[in-house]
Amino acid sequence: YTRLDFYTGGSERLRIDSDGRLLINTTTNRNKYFNGTYTGQLQVEGTTDATRLSQFIYNANSAAQPFIILGKSRGTSTGSYTVVQDDDYLGAISFQGADGDEMVDGARIEAQVNGTPSNDVMPTDLLFKTNTGAASPTERLRIREDGKCFFGNDTSNQDSNRYVFVGTKAFSGGIVQGQLAIADNNAYNFSNNGGGIAFQAKYSSGGAYTQMAAIEGRKSNNT
């Protein structure tokens, strides 16, 4: 087996190991992720302020910005553009911490296709997950492809509400303390509803949500 090492100032800075992995500021490949022996092709490590920061800087006299792209295709070879499908995950950012013998998923941001992709069309949800003491995180917030937001432990609500807070007796996903502001920027006329809070429940675990009651704010005058 052959590897390629790069040195500056008498110290190794970069290594391409015999499996083609690029190791920066380390000589040992990590492979303990997601309760298995997963590994990657790029690894950057550090022990000081100078080695804990990675930079991607774009300089131009414009409003344009740099990009970090996480991409997915259904192809089986490099360079493929085979179309993805509904429910496919397009990418994830995983925040992990060492538990003594491996890295453990503490929180995660994921992008998941929600709908049928087609030419220049990619309907996608954005998921936010946190870990309260388990091997993997649980979904807490979902911003759906149409802009609808789900907070809590159930994202099956399909009604017209824009912001949905869902909880059970075991998980209080709704608002217990604090403040929730609801605004309608189209409420220009005297009869318009300025926003509302709906109270809903399911009759069965697989059933649809039914509205039980609502609190609405209505304008009392046109000023």
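Is Asp 125 buried or exposed, and what is its relative accessible area? Asp 125 is buried, with a relative accessible area of 2%, where buried means under 20% relative accessible area, exposed over 50%, and partly exposed in between (1.4 Å probe, protein chains only). The model examined here is predicted, so that local features need pLDDT of at least 70 and side-chain atom pairs count only at pLDDT 80 or more, while totals for chains, interfaces and linings use all residues. Residues are numbered from 1 along each chain as its sequence is written, and side-chain values use heavy atoms, with hydrogens and water left out.

The protein has 12 strands and zero helices, both being DSSP runs numbered from the N terminus (helices H or I, at least four residues; strands E, at least two). Buried residues account for 18% of the 223 residues in the protein. Of the contacts with a separation of 6 or more, 21% are between residues 24 or more positions apart, contact meaning heavy atoms within 4.5 Å. The protein exposes about 16400 Å², of which carbon and sulfur atoms supply 51%; accessible areas come from the Shrake-Rupley method with a 1.4 Å probe, and for residues only the protein chains shown count as cover.

Asp 125 lies in strand 7, which spans residues 124–130. Its side chain is joined to that of Asn 114 by a polar contact of 3.1 Å, and a polar atom of the Asp 125 side chain lies 2.7 Å from the backbone nitrogen of Glu 145. A polar contact is here a pair of N or O atoms within 3.5 Å; within protein, one must be able to donate a hydrogen and the other to accept it, and residues adjacent in sequence count only if both atoms are side-chain atoms. Asp 125 also forms a salt bridge with Arg 142, the closest N and O atoms being 2.9 Å apart, a salt bridge being a side-chain nitrogen of Lys or Arg within 4 Å of a carboxyl oxygen of Asp or Glu. Arg 142 lies in strand 8 and Asp 125 in strand 7, so the pair ties together parts that are 17 residues apart in sequence. Arg 142 is itself buried, at a relative accessible area of 12%, and its side chain makes a further polar contact, of 2.8 Å, with the side chain of Glu 139. Glu 139 is placed in strand 8 (residues 138–143) and counts as buried at 18% relative accessibility.

Strand 7 also contains Phe 128, which is partly exposed with a relative accessible area of 26%. Leaving out residues up to four places away in sequence, Phe 128 touches several residues, among them Arg 108, Ile 109, Glu 139 and Leu 141.

Across the whole structure, the search finds 14 salt bridges. In one of them, the side chains of Arg 74 and Asp 88 meet at 2.6 Å, N to O; both residues lie in the loop between strand 4 and strand 5, so the pair ties together parts that are 14 residues apart in sequence. Arg 74 is partly exposed, with a relative accessible area of 38%, whereas Asp 88 is buried, at 8%. Arg 3, Asp 5, Glu 12 and Arg 15 are linked in a network of salt bridges.Most residues other than glycine have a negative phi, and most peptide bonds are trans. Phe 34, which is not a glycine, has a positive phi of about 55° and is found in the loop between strand 3 (22–24) and strand 4 (42–44). Asp 120, in the loop between strand 6 (103–113) and strand 7, likewise has a positive phi, near 65°, and is exposed with a relative accessible area of 77%.
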